[in-house]
Amino acid sequence: LSPSHVSAGVGCDRRPIVQGLVSGSGPPNANAVLGNLKHRLFQRLLRETLPKAAVGMSLEGSADKSSQLDPVFVQEEVERILCDARCIEELLAAGISDDRAREQLAETAKAAKAWIQEHVASGTDAQAGSFQAGVASRPVFEGLIAIEDSIWSATFGLKGFLDASLIGHDVADSRGLEIFALELKTGSKSQQVLHRAQLILYTLLLRSRFGSKAFASAGGSRDPSKACAANAGVLMYVSGDAVESILIEPAWADIRNLIIKRNSLASIKRDLAQGAAMEIATIRQDGSTAGLGAVHLPPMLREPSECNRCYSAAYCMALHSVVEDGDEASSGAEEVFRKKASHLAEAHVDFLRNWLSILELEGRKGARTRAQAWSVPAHVRERLNRRAWASLGLVEIRRILPGQNGKSKSLSQEATPEECEALSWVLRFKRSSTPHKGLAQKGTEWSLRNGSIG
């Protein structure tokens, strides 16, 4: 499950399940489209400002590039985003004019520049920027690990894309470089509880990948490759040209409750899949899907005030009417149900039930294939031609730098910061002559535990 999926379940188990069923449905939301554009701009400015952290690259005295964020450069970035084919399609579908989008991005650029000037290190005499009171950590950011960082953990059963992972140090601590999760929000702060839960889970995923700062020794290394995950993450709200940064240090009670919520949602999804499998097995010989699509959702929250503020209320009420034969009384939020679902006719109900059953048939095939990456050994998947190579052992990791005439050269010494931007990595594996047995018998470390390469 993704951190956003789990955090959506805080307070209502039904909400993330409904989101999963209707993901990508309906017309594009103007606020969501503008929010995505603001994310792209902020991430591009971060990439321009912060040096890319790489193995063996020292960040001491890294140049502050915030002075390069002049109006001409920012305007070029805004125009580059607006001229992107995907952006044009999204703006047209949402009914947003170029002038409105350009105005919104210009305000976001001002907020981004102010945040960068305050929180990005300039040389070795950096001072921590301002965060809310009551938090011990005082981070200063010096480098960039990744934008839209794909991060996952089989231990916790979580995966997702982090807006940005930044590397820096805590001026109130002396344990070297740390890696911070950054989540950017461009909407209302009314959902701050869900946003905090999402950031806590991303911080947990960073700890799973890089190790926890709690176990780092004092006087830590300045080598980014030895940095550990910080105890806190940064939740940023951008509204117009104003920006607010909140530093969140997860408590163990919060982590425990969110993992319990994750397991609860996983159990609900498993039960839904099993129930759907039993219904699919009842498809008649003639191929008719009548009567299917009766998805068994978690119960309604039945809290009118909460349901009225929920961003999934329209889909939730429609599903309650279509697949649960619900009405105003059973919804527990009569006014919300009346506004969102009272217009549905019998033809709509029949169509949606048929559509949901077809989606279920398609989704189960994909879910089975994804599950096999973890549950079926690599040598079995290889025989079945399931995009896997078995018995691979990691032999060598080599850094290369693209050279002239399309050729590449190996690096025998540490790369310069400029070269690190163009680095590629060559990983060489050795395949055992006896599939799924040879490496284990020789004691060689398996580099791809289940052989998945696709």
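Visitor: Where is Arg-302 found?
Guide: Arg-302 sits in the loop between α8 (252-280) and α9 (304-309). Keep in mind that this is a predicted model.

Visitor: What's its phi? I mean Arg-302.
Guide: Positive, at about 60°, although Arg-302 is not a glycine.

Visitor: And what do most residues other than glycine have?
Guide: Most of them have a negative phi.

Visitor: How accessible is Arg-302?
Guide: Its relative accessibility is 45%. Arg-302 counts as partly exposed, because that value falls between the 20% and 50% cut-offs.

Visitor: OK, Asp-325 next. What is its phi near?
Guide: Near 50°. That is a positive value, and Asp-325 is a residue other than glycine.

Visitor: Where is the place of Asp-325?
Guide: In the loop between α10 (313-322) and α11 (328-331).

Visitor: Why does Asp-325 count as exposed?
Guide: Its relative accessibility is 60%. Exposed means over 50%, so Asp-325 qualifies.

Visitor: How many bridges join β1 to β2?
Guide: There are 12. Strand β1 spans residues 139-153, and the two strands run antiparallel.

Visitor: Which residue in β2 does Asp-149 stand opposite?
Guide: Leu-162.

Visitor: What about the hairpin of β1 and β2? How many residues lie between the strands?
Guide: The hairpin has 4 residues between its strands. Gly-157 in this hairpin takes a positive phi near 65°.

Visitor: And β2 with β3, how many bridges there?
Guide: β2 and β3 pair over 5 bridges, in the antiparallel sense. Strand β3 runs through residues 178-185.

Visitor: Which residue in β3 is the bridge partner of Gly-168?
Guide: Glu-178 is the partner.

Visitor: New topic, the nonpolar surface patch. Which residues make it?
Guide: Leu-394, Ile-397, Leu-427 and Phe-429. The patch has an area of about 330 Å².

Visitor: Which strands supply at least two residues each?
Guide: β7 (392-402) and β9 (424-431).

Visitor: Which strand does Leu-394 lie in?
Guide: Leu-394 lies in β7.

Visitor: How exposed is Leu-394?
Guide: Partly exposed, with a relative accessible area of 36%. Patch residues need over 30%, so Leu-394 clears that cut-off.

Note on methods:
Residues numbered from 1 in each chain as written. Predicted model: local features only at pLDDT ≥ 70, side-chain atom pairs only at ≥ 80, totals over all residues. Heavy atoms only, no water. Patch = residues over 30% accessible without salt bridge, like charges linked within 9 Å, V, L, I, M, F, W, Y side chains within 5 Å. Areas by Shrake-Rupley, 256 points an atom, 1.4 Å probe, with all protein chains shown as cover. Salt bridge = Lys/Arg side-chain N within 4 Å of Asp/Glu carboxyl O. Buried < 20%, exposed > 50% of the residue type's maximum accessible area, 1.4 Å probe, protein only. Pairing = 2+ DSSP bridges.
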